[in-house]
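Subject: Structure for your review

Dear colleague,

Please find below the structure that I am handing over to you, followed by an account of what was found in it. I would be grateful if you would read the two side by side.

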Amino acid sequence: MSKGLFILGFGGHARSVGDIALSSGFDDLLFVDEQARTGEEFAGFPAVAVLPSNAAGVGWLMFPASGDNTRRRAQCESALLPLATLVAPTATVGRQCEIGQGSLIGHQAHMGPLTKIGRGVIINTGAVVDHECVIGDFSHISVNATVAGRCRIGVQVLVGAGAAVIDGISICDNVIVGAGATVVRDIEVPGVYTGTPARRAHS
């Protein structure tokens, strides 16, 4: 019997999800994206605009594959089937870690021991989340970002590509840390933070 996965989305991140799923024991995929066009596929697996009417009866799991935190949250909260958790075979996960449903640990990513990852989280390619961190639901630690030990990251936080959060920092919900920024003190107000040290950007 095949091990199948409905992947919600067909953008770049969804294709990365498909790649990791195929490397993690899934052997059948169907991408579901309302903007999918006839004949579109990835690695031989089709994309369709509407979830098949018999989806609940085929024994597959579902995965939220939007790279956007808000859209991924909506995918998780409206999912009609149980959510998979995906860990790339090249990722390293320390002892006594917890990973929530619908979360992705990407290629070459690292989770230190005793780290807790919420629901619908992305720990992207090459990202490091060190020991005893807590990453809130629907957050995204981007490519090659580093979150040092014992940090607390809130809900729907984006830590941009190559950004760094030093050890013991807390970041509240609904924060964007810009690419390459360095967070050296707690962030208590939602908003966009850029630079080194990271400061709130004013519109």
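How many bridges join β23 to strand β24, and do these strands run parallel or antiparallel? In this predicted model, β23 and β24 (residues 199-200) are joined by 2 bridges and run antiparallel. Tyrosine 193 has arginine 200 of β24 as its bridge partner. The two strands form a hairpin with 4 residues between them, and glycine 195 in the turn has a positive phi of about 90 degrees. Proline 197 also lies in the loop between β23 and β24, and the peptide bond that joins threonine 196 to proline 197 is cis, with omega about -5 degrees. For context, most peptide bonds are trans.

On its other pairing, β23 (residues 191-194) meets strand β21 (residues 175-177) in the parallel sense, over 3 bridges. Here valine 177 stands opposite tyrosine 193 of β23.

These strands belong to an open sheet of 8 strands with mixed pairing, in the order β6-β9-β12-β15-β18-β21-β23-β24. Its edges are β6 (86-87) and β24; each has a single partner strand, so one side of each is left without a neighbour in the sheet. Elsewhere in the order, strand β9 (residues 104-105) and strand β12 (residues 122-123) run parallel and are joined by 2 bridges, with isoleucine 105 partnered by isoleucine 123 in β12.

The loop between β9 and β10 (110-111) contains glutamine 108. Its phi is near 65 degrees, a positive value in a residue other than glycine. Most residues other than glycine have a negative phi.

A further open sheet has 6 strands in the order β7-β10-β13-β16-β19-β22, and its pairing is parallel. The edge strands, β7 (92-93) and β22 (182-183), each pair on one side only. Within this sheet, strand β16 (residues 146-147) pairs with strand β19 (residues 164-165) in the parallel sense over 2 bridges, and threonine 146 has alanine 164 in β19 as its bridge partner.

I turn now to the domains. The domain assignment of the chain gives domain 1 (4-84) and domain 2 (87-200). Their centres, taken over C-alpha atoms, are 24 Å apart. The contact takes 18 residues from domain 1 and 20 residues from domain 2.

Between the two domains an area of about 1500 Å² is buried, with carbon and sulfur atoms giving 57% of it. Ile20, Asn69 and Arg73 supply 35% of the area that domain 1 buries against domain 2, more than any other three residues.

What kinds of polar pairing occur across this interface? The count of salt bridges between domain 1 and domain 2 is 0, whereas 11 residue pairs are in polar contact across the interface. On the side of domain 1 that touches domain 2, the elements giving two or more residues are α1 (12-23), β5 (61-64) and α2 (69-78). The largest share of that side, 6 residues, comes from α2. By type, the residues of this side of domain 1 divide into 7 nonpolar, 7 polar and 4 charged.

Yours sincerely

Notes
Residues numbered from 1 in each chain as written. Predicted model: local features only at pLDDT ≥ 70, side-chain atom pairs only at ≥ 80, totals over all residues. Heavy atoms only, no water. Domains from an automatic or database assignment. Contact = heavy atoms within 4.5 Å. Buried area = accessible area lost by both parts, 1.4 Å probe. Salt bridge = Lys/Arg side-chain N within 4 Å of Asp/Glu carboxyl O. Polar contact = N/O pair within 3.5 Å; in protein donor to acceptor, adjacent residues only side chain to side chain. Nonpolar A, V, L, I, M, F, W, Y, C, P; charged D, E, K, R; others polar. Pairing = 2+ DSSP bridges.
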